[in-house]
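Please have the sequence and the model open while reading.

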Amino acid sequence: MDYKQLIIRGISYSQTQSGAYALLLEHEETHIKLPVVIGNFEAQSISLGLEKDIHPPRPLTHDLFTKFIVSANYELVSVIIYQIVDGVFFSNINFKNKANDEELILDARTSDAVAMAVRFDAPIFTTQQVLNEAGILLELEDVAKEDQSFSETVQPEDNLRSVSMEELQKLLEEAVKEEDYDTALEIQEEIKRRKKKID
């Protein structure tokens, strides 16, 4: 299968879910961004994994599992986000035994898989289908500053059909800027629905 490599663009506090964070992954070639809602512990673990110079006084769960993998003579080869169902991402962690090249594939939550991948500097991949279903294509640098706040301009899902394509694009850009990825996905679905009609 033709997998698409993702890079970590950042982690920010989620505007839509209290106590949650948004992990932003990006396909470098197309700049399609994949927002994944993760918990506080996983956000902290991924951040610490990215900051190689910071070591907690006691090992975190992901650090402990990393030591176990190394001790068992395995290496983490890659992470694959292979599916999204009802807004939930499904991932596999691919390991390889250093002694006999035997492969081991484990099912994992995407947040845990990414937290492990950063500790091994392993690549993260996804499928074109996942990018099509959950990806958001935006250049955040080009987003114009709006005088009116996003919360005042966003339309309920039922009213999106009455908004022009140009306005939908502005609302989508504002939703991503505000890190309201749930609303952004709803708006993107409406844009896709209209494009299908044109095709």
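Which residue in β6 stands opposite Asn94? The residue opposite Asn94 is Ile105. This pair belongs to a predicted model, and the sections below place it in its wider setting.

## Overall composition and confidence

The protein has 199 residues, of which 42% are buried. Its secondary structure consists of seven helices and eight strands. Of the contacts between residues at least 6 apart in sequence, 56% join residues at least 24 apart. The accessible surface amounts to about 11,700 Å², and carbon and sulfur atoms account for 48% of it.

The mean pLDDT of the protein is 82, and 83% of the residues score at least 70. Among the elements, strand β7 (residues 124–126) has the highest mean value, 97, whereas helix α5 (residues 150–153) has the lowest, 37. Over residues 140–157 the pLDDT stays under 50, and the model has 23 contacts beyond four places in sequence for this segment.

## The sheet

Eight strands form an open sheet with mixed pairing, in the order β6-β5-β4-β7-β1-β2-β3-β8. Strands of a sheet pair through backbone hydrogen bonds, in either a parallel or an antiparallel sense.

Strand β4 (residues 74–85) and β5 run antiparallel and are joined by 10 bridges. Within this pairing, Gln83 has Phe90 of β5 as its bridge partner. The hairpin of β4 and β5 has two residues between the strands, and Asp86 takes a positive phi near 50° there.

Strand β5 (residues 88–97) also pairs with β6, in the antiparallel sense and over seven bridges. Besides the pair of Asn94 and Ile105, Ser91 stands opposite Ala108 in β6, and Ile93 stands opposite Leu106. Five residues lie between the strands in the hairpin of β5 and β6, where Asp101 takes a positive phi near 60°.

## A nonpolar surface patch

Phe65, Phe68, Leu104 and Leu106 make a nonpolar surface patch of about 340 Å². Helix α2 (61–71) and strand β6 (103–109) are the elements that each give two or more residues to the patch. Leu106, a member of the patch, is also the residue that Ile93 faces across the strand pairing.

Phe65 is located in helix α2. Its relative accessibility is 31%, so Phe65 counts as partly exposed.

## Helix α3

How many of the residues of α3 are buried? The count is 11 of the 11, so the helix is largely enclosed by the rest of the structure. The buried residues of α3 include Asp112, Met116, Arg119 and Phe120. Just after α3, Asp121 takes a positive phi of about 50°.

Ser111 lies in helix α3 (residues 110–120). Because its relative accessible area is 8%, below the 20% limit, Ser111 counts as buried. Leaving aside neighbours within four places in sequence, Ser111 is in contact with Ile38, Glu42 and Ile46.

## Salt bridges

Side chains of opposite charge can pair when their charged atoms come close. The structure holds six salt bridges. One of them joins Asp63 and Arg119, with the closest N and O atoms 2.6 Å apart. This pair links distant parts of the chain, as Asp63 is in helix α2 and Arg119 is in helix α3, 56 residues apart. Both Asp63 and Arg119 are buried. Elsewhere, salt bridges that share partners join Arg9, Glu26 and Lys33 into one network.

Glu26 is buried at a relative accessible area of 3%, and Lys33 is buried at 9%. A further salt bridge connects Lys4 with Asp2, where the closest N and O atoms are 3.0 Å apart. In that pair, Lys4 counts as buried at 17% relative accessibility, whereas Asp2 counts as exposed at 55%.

How values were computed:
Residues numbered from 1 in each chain as written. Predicted model: local features only at pLDDT ≥ 70, side-chain atom pairs only at ≥ 80, totals over all residues. Heavy atoms only, no water. Helix = DSSP H or I, 4+ residues; strand = E, 2+ residues; numbered from the N terminus. Buried < 20%, exposed > 50% of the residue type's maximum accessible area, 1.4 Å probe, protein only. Contact = heavy atoms within 4.5 Å. Areas by Shrake-Rupley, 256 points an atom, 1.4 Å probe, with all protein chains shown as cover. pLDDT = per-residue confidence, 0-100. Patch = residues over 30% accessible without salt bridge, like charges linked within 9 Å, V, L, I, M, F, W, Y side chains within 5 Å. Salt bridge = Lys/Arg side-chain N within 4 Å of Asp/Glu carboxyl O. Pairing = 2+ DSSP bridges.
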